[in-house]
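Okay, thanks for having me on the agenda. Have a look at the sequence and the structure first, and then I'll walk you through some spots I picked out.

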Amino acid sequence: MKDILKLEPVLKEKVWGGKKLKECYGYDIPSNQTGECWGISGHENGTNIVSEGSYAGKTVRELWENHRELFNHEQGDEFPLLVKIIDAQDDLSVQVHPDDQYALKHEGYAFGKTECWYILDREPGAKLILGHGASTRDELSNMVEEKRWDDLFNSVEVEPGDFIYVPSGTVHAIGSGVLILEIQQSSDITYRFYDYDRPGQDGQMRELHIEDSIACSMVPHKDATPARPAWEEDGLKIERLIQENYFTVHKWVLEKRSGALKRANMSYQLVSVIEGAGQIQTEEAAHLLKKGDHFIIPSTVQHYEISGDITVVVSETTK
């Protein structure tokens, strides 16, 4: 099979969600409290269905289990990455994610959760929480016990185009009015420090995980700001957003037509269209692309071309 895997989004309602996923991307959202589009996922809590082609109707999870040749025969029981668009109409809970070792020991799951965010849009003055001000774990525990939230959490303003790296152990929260593309390890493990004393969609207070949150947190917090080298290649303006242990992420900007693109390492690529429209031509077929589309270029595709006025974010596993 030498064609892309175009995917149907998985939409998830959240107490903090809104309706921008419909307004900005045309997704058929289940309600006006829709917080997440899982654009590329093989996770059991929401795996995408292939929308067209020879694997139409199959899920990413099924293909990972039964057609590993599409993924360069990469090892592992779980599809390793998850790509989302998140619409935060309200503040998300202040939370932290475990590393792989903690997740395996305490949750029985292979992946912790290191993630990164590309800021797609934001309301003026919108902020994120990123890190904390405690110097020791005892100080962190005391500040949490005393509910000194304003003193504890670090907040930062963001602008469209900003890129934030959030390794496991980073205390964080997406603030109201922020729209982001998130690339992460394929894990749904979240420990909540603080949730603004608000009820969930069932009317009950959402569970907090104070002990796990304190145990997993990076202390003291250290900001991780990756360099963003940029260059031009085959008609593309390329910017490397990050290269770390779990994923490598690039932004590609195309104004007319690319050259013939060929993968040297035969890795598979996870692609999200964040602006514009265009077309991708593979060895088997041509596909129209628009803002909000998500697809996988399998490792079995050796050559392809992209045309149009289009910006995409391309994610790969780092091996």
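When I say helix or strand, I mean DSSP runs, H or I of at least four residues for helices and E of at least two for strands, numbered from the N terminus. Bear in mind that this is a predicted model, where local features need pLDDT of at least 70, side-chain atom pairs count only at pLDDT 80 or more, and totals for chains, interfaces and linings use all residues. Residues are numbered from 1 along each chain as its sequence is written, and side-chain values use heavy atoms, with hydrogens and water left out.

So, strand β12, residues 163-166. Phe163 and Tyr165 point one way, Ile164 and Val166 point the other way, and all are buried. In general, side chains in a regular strand alternate between the two faces of the sheet.

Who does β12 pair with? With β9, in the antiparallel sense, over 4 bridges. Pairing here takes at least two DSSP bridges between two strands. Within that pair, Trp117 stands opposite Ile164 of β12.

Trp117 also takes us to β14, where its bridge partner is Glu182. β9 and β14 pair antiparallel over 7 bridges.

Next, the second largest pocket. It holds about 380 Å³ of space. Of its 23 lining residues, Lys14, Trp16, Glu36, Gln95 and Thr190 are the closest to the centre. The elements giving two or more residues to that lining are β2 (10-18), β3 (34-40), β7 (81-88), β9 (115-122) and β13 (172-174). β13 gives the most, with 3 residues.

A word on how that was done. On a 1 Å grid over the protein atoms alone, a pocket is an open set of points with protein on both sides within 12 Å along at least five of seven lines, and lining residues have an atom within 4 Å of a point. By class, the lining has 7 nonpolar, 6 polar and 10 charged residues; charged is Asp, Glu, Lys and Arg, nonpolar is Ala, Val, Leu, Ile, Met, Phe, Trp, Tyr, Cys and Pro, and the others, Gly among them, are polar.

Lys6 sits in strand β1, residues 5-8. Is Lys6 buried or exposed? Lys6 counts as buried because its relative accessible area is 13%. Its side chain reaches the backbone oxygen of Leu288 at 2.6 Å. Beyond residues up to four places away in sequence, Lys6 touches several others, including Ile49, Glu52, Asp293 and Phe295; contact means heavy atoms within 4.5 Å.

Asp100 belongs to helix α3, residues 100-107, and is buried too, at 18% relative accessibility. The Asp100 side chain makes a polar contact with the side chain of Tyr246 at 2.9 Å. Polar contact means a pair of N or O atoms within 3.5 Å; within protein, one must be able to donate a hydrogen and the other to accept it, and residues adjacent in sequence count only if both atoms are side-chain atoms.

Gln281, in β20 (residues 269-281), is partly exposed at 36%. Its side chain reaches the backbone oxygen of Ala285 at 3.4 Å.

Last, some backbone geometry. The peptide bond from Val219 to Pro220 is cis, with omega near -10°, and Pro220 is in the loop between α6 (210-216) and β16 (230-233). Asn72 has a positive phi, near 55°, without being a glycine; Asn72 lies in the loop between α2 (60-66) and β7. Lys147 also has phi near 55°, in the loop between α4 (137-145) and α5 (149-152). With a relative accessibility of 58%, Lys147 is exposed, while Asn72 is partly exposed at 39%.

That's my tour, thanks.

Methods
Buried means under 20% relative accessible area, exposed over 50%, partly exposed in between (1.4 Å probe, protein chains only). On a 1 Å grid over the protein atoms alone, a cavity is a set of points where a 1.4 Å probe fits but cannot get out, and a pocket is an open set with protein on both sides within 12 Å along at least five of seven lines; lining residues have an atom within 4 Å of a point. Grid points are joined across faces, edges and corners, and a volume is the space filled by probe spheres set on the points.
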